[in-house]
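Please consult the sequence and the model shown below while reading.

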Amino acid sequence: TLKSEIKGWIRAALPTGRYQLTRLAERMHCDKRTLQRRLVRELDETFQSLLDESRDEVVLPMLESGVFPVSLISTHAGFSNTGNFSRYFSHRFGCSPLAWCAQK
C-alpha cells in the first residue's frame with residue numbers, strides 16, 4: 001500500500017538524514033504539494049505524521065532492547081543531535097527516552 005511504501009522509504013532514509021518530503025516527491029515523480037494533497041486524500045495523513053510513526057517504529061524497539069545508547073538511536077532516527085531527539089521524544093511520549101526505558 002501507499003502508506004507502507006512511504007514509511008519503508010522513510011525508515012530507510014532516516015539514518016542518512018535524507019528523508020525530506022521533497023526527496024520523496026522526486027522519487028514518486030511529482031511535486032511536493034501534489035504529494036501532500038495525495039497523502040491527505042488517500043491516507044488522511046500528513047508527511048509529518050508518517051515521519052513520526054516511522055521514527056517511533058525505529059526508536060521504540062531500539063530503546064526497549066536496552067542495548068543501544070541514546071546517541072546511536074538518535075542518529076539512526078535521523079536527528080542531528082541527542083538534544084533534538086530528546087525533545088522530540090518528550091513531546092511524543094511525555095518523558096525523556098531514559099525515563100521511558102526506566103518505566104519499561
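## Overall architecture

The protein chain contains 7 helices and 0 strands, where helices (H or I, at least four residues) and strands (E, at least two) are DSSP runs numbered from the N terminus. The model is a predicted one, in which local features need pLDDT of at least 70 and side-chain atom pairs count only at pLDDT 80 or more, while totals for chains, interfaces and linings use all residues. Residues are numbered from 1 along each chain as its sequence is written, and side-chain values use heavy atoms, with hydrogens and water left out.

Read from the N terminus, the order of elements is α-α-α-α-α-α-α. The C-alpha trace spans about 45 × 25 × 20 Å along its principal axes. Of the 104 residues in the chain, 37% are buried; buried means under 20% relative accessible area, exposed over 50%, and partly exposed in between (1.4 Å probe, protein chains only). Among contacts with a separation of 6 or more, 51% come from residues 24 or more positions apart, a contact being heavy atoms within 4.5 Å.

## Helix H1 and its cover

Helix H1 covers residues 2–13, and its end C-alpha atoms lie 17 Å apart, which agrees with the 16 Å that its 12 residues should span at 1.5 Å a residue. That expected span is 1.5 Å times one less than the number of residues. Buried in H1 are Leu 2, Ile 6, Lys 7, Trp 9, Ile 10 and Ala 13. These residues are on the same side of H1 because they cover an arc of only 160° around the axis, the arc being that of the directions from the helix axis to the C-beta atoms. Their cover includes helix H2 (21–27), helix H3 (32–43) and H4.

Ser 54, in helix H4 (residues 47–65), is buried, with a relative accessible area of 0%. Leaving aside residues up to four places away in sequence, Ser 54 touches Lys 7, Ile 10, Arg 11 and Leu 14.

## Salt bridges

A salt bridge is a side-chain nitrogen of Lys or Arg within 4 Å of a carboxyl oxygen of Asp or Glu. By this rule the count is 10.

| Pair | Closest N and O atoms |
|---|---|
| Glu 45 and Lys 3 | 2.9 Å |
| Glu 53 and Lys 3 | 3.5 Å |
| Arg 92 and Asp 52 | 3.8 Å |

Glu 53 is partly exposed, with a relative accessible area of 23%. Arg 92 is partly exposed at 36%, while Asp 52 is buried at 13%. Through shared partners, salt bridges join Lys 3, Lys 7, Arg 11, Glu 45, Glu 53 and Glu 57 into one network.

## Surface

The chain exposes about 6100 Å², of which carbon and sulfur atoms supply 51%; accessible areas come from the Shrake-Rupley method with a 1.4 Å probe, and for residues only the protein chains shown count as cover. Val 67, Phe 68 and Leu 72 form a nonpolar surface patch with about 280 Å² of accessible area together. Patches are made of residues with over 30% relative accessible area and no salt bridge, with like charges joined within 9 Å and nonpolar side chains (Val, Leu, Ile, Met, Phe, Trp, Tyr) within 5 Å. Leu 72 is located in helix H5 (residues 70–76) and counts as partly exposed at 41% relative accessibility.
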